[in-house]
Amino acid sequence: MKKRKGIFAAAFAILLVIVSLAPFVYVFFRSFITVRGIEFQSYYDVFLASPVYLFRFWKSMGMCLAIAAGQLVVSVLAGYGFAKYHFKGRDTLFFLLMILMVLPVQVTLVPDYIMLNTLGLLDTYAALILPSIFIPLGSFILTQSFRAIPDSVVDAAMLDGCGVFRQIVLVAMPMSKSGLVCTLLLSFLDGWNMVEQPIAYLKDFEQYPISVALAYAPPADSTIQLVCCVLVVLPALFLFAFFNRELVEGITLAEVR
Amino acid sequence: MKKKVFCAMLLVLWVLVVCTLLSIRVEDLMMPRVTVSTPNMDGSLPSDCVFSDEMGMHLFYTVEGTGWESGIRVRENPNGVSLDEDGTTVQGGFGSSFIRYASKFPKLGEKVMIEQTNARGADTWLVVAQEEPPLVEKLPFNVEQLAKAGNDLLFGVTQVSQTYMEKEAQSTLFGLQAVAFNSIPPDVRVYSLTDINTFIRQLPLLSGLLVLLIVPVILWAFSCLLARKARANRPFLWVNGALAAAMVVGMAFLLHAIQIPASMMPLDHVTDFSHYTQELEEAFAGLRALTAHPLAAEALTYAGTRQNLAVGVLLIGFLLTAIGLTVEAILVKKRAVRAETLARRAAKLRDARQEEFQRSTQPVKGQSVLMERDQTRPESPASTAAQPAPRKVKADDRKYVPRHTKEK
């Protein structure tokens, strides 16, 4: 009975892996297998013939790095505040933060648009970077991560003469590496997969990140689109392969506490 | 696992950076240079606006593209081609800029660069043909025949556009109608000697580019081997990384310096090496036939010198890499041996100290022992639990001894 259950579980897991991987495998193989056979013309077009695709890739990369760095700074400060300071309304604020976290992007799209318009930031990269920096997921993860640090450690640091920033930088951050990496990674991937915001806040096609610009490729160039998909997958793939342990630890930490 | 992923990530990053740098230059070099004509009041155009291939005759015009296809793009005239009886004019349309001459056959949707025809200068044209080329009866005033050997000819021309376009040369030498009706035999080719010389001048730079493309990959592979003992080999890894980064910067400058004439570029791929070989072989066959003329002889001598220089650059580049890697490998080995010796010496010292300590703590015969633990009583479980677990020895730790443990 136990053996049969094991076989069933293994078969289900294999099926799940196949279903999850199938689109990527299809994209990868179709990017060089065409009706004329195996050819790398589209790879040549994307990687060598013109810099437009790679320029857009680097632009998106720069934007995502700015988002990830900004969100890390904001989340570290907010997370430390929520975790180690006791003030009136802290729990209410944290609850509100969690509500914000579960709201879909589409709900905040219009208010953000109005705010960005008032600030005169529409049609600039700031319109994409600024709202993404304040996404509450990072603050939530780091709050949970900082809560795991015993208060006695922070107190000891304070007795040794550490101010708030030194406590954060020298004590709290090195002790919450997985939380930091998790926040960095998730915010990067959030920016990398951004679709609705660029369409709403940017008019000029030249400014679109690669995630959006892909959809505008001419239909005749479907293979080019597939090669661009492979290009888009690369950063996410490598980041996950490199930081998978930290990512899993960070998410588990946020769930457990 | 992390090291392997990091190695792969570095290679992919390097490929992406290099491809970005290369694609900027490749797009610029591969972009056809064109001259355009606007139709007359009656919508007519000179007949050399017609481009002929095995699919028939085409009339191309330029439009400003949008989105992924931004820039000046090629479109084909939807009304087809209607040549007049004597083949000197063709009916175009109104309001569009039609392509007249192009450095290579235009392709639909391709990005092109419109050349300003104002810049004019002198050139030398080399005609290479298997049979008698169909020259016009009276050459224009700006064309002068310099030499002839069999069917190969050398022309000195003045007041021609600075960007050489074969169709313009054919139109000048063989007439408008010959170009429009595609009556020029395919084996009759016209080359610009200036462009050939410019291409030849780039050969050492191209060799340098090849070196800068291959050497970082070799360095990467070597660094991946060194990364197995990353802690011990850290200085070498940093040196290799810095070298690779410097090579990328050098490549950016080198690419900027490379100026291959548009007329020498292949139709589809910049990596179509057979095209370059074929073009140069044909042109040099013509030049060899015309060696009596100083210009042809000079071009051949220059080509030989530059070719040798290119091979030299290639050899020096790979030789330096081989020497560098050998030196690095020797240093790595020396460092490993030194670390091993130090580790052995440290272990010997540790053993000696331990022995000395044991000897000093052993009771001397006749000396009264104040307190001795009762060996018959078992140790309490708490005291054994408090013992820290032995540290897991990493592969790197076995051979690497930090500097501060060095014996003085």
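Before the details, a word on conventions: residues are numbered from 1 along each chain as its sequence is written, and chains are lettered from A in the order in which they are written. Because the model is predicted, local features need pLDDT of at least 70 and side-chain atom pairs count only at pLDDT 80 or more, whereas totals for chains, interfaces and linings use all residues.

Let me take chain A, which holds 13 helices and two strands; here helices are DSSP runs of H or I with at least four residues, and strands are runs of E with at least two, numbered from the N terminus. The C-alpha trace of chain A spans about 70 × 65 × 35 Å along its principal axes. Of its 257 residues, 30% are buried, where buried means that 20 or more other C-beta atoms, placed from the backbone, lie within 10 Å of the residue's own.

Helix α7 of chain A, residues 137–147, has nine of its eleven residues buried, so it is largely enclosed by the rest of the structure; among the buried ones are A:F140, A:I141, A:L142 and A:F146.

Turning to where the chains meet, the contact takes 17 residues from chain B and 17 residues from chain A, with two residues counted as in contact if their C-beta atoms, placed from the backbone, lie within 7 Å.

Now the sheet in chain B. Four strands form an open, antiparallel sheet in the order β11-β12-β10-β13, two strands being paired if DSSP finds at least two bridges between them. β11 (143–149) and β13 (189–192) of chain B stand at the edges with a single partner strand each, so one side of each is left without a neighbour in the sheet. Six bridges join β11 of chain B to β12, residues 152–161, and B:K148 stands opposite B:L153 in β12 of chain B.

Two helices of chain B lie across β10, β11, β12 and β13: helix α2, residues 166–174, runs at about 115° to β13, while helix α7, residues 273–289, runs at about 90° to β10. For these angles, axes are lines fitted to C-alpha atoms, for helices over the stretch in contact, and the angles run from 0 to 180 degrees between N-to-C directions.

Definitions and conventions. Buried ≥ 20, exposed ≤ 12 C-beta atoms within 10 Å, placed from the backbone.
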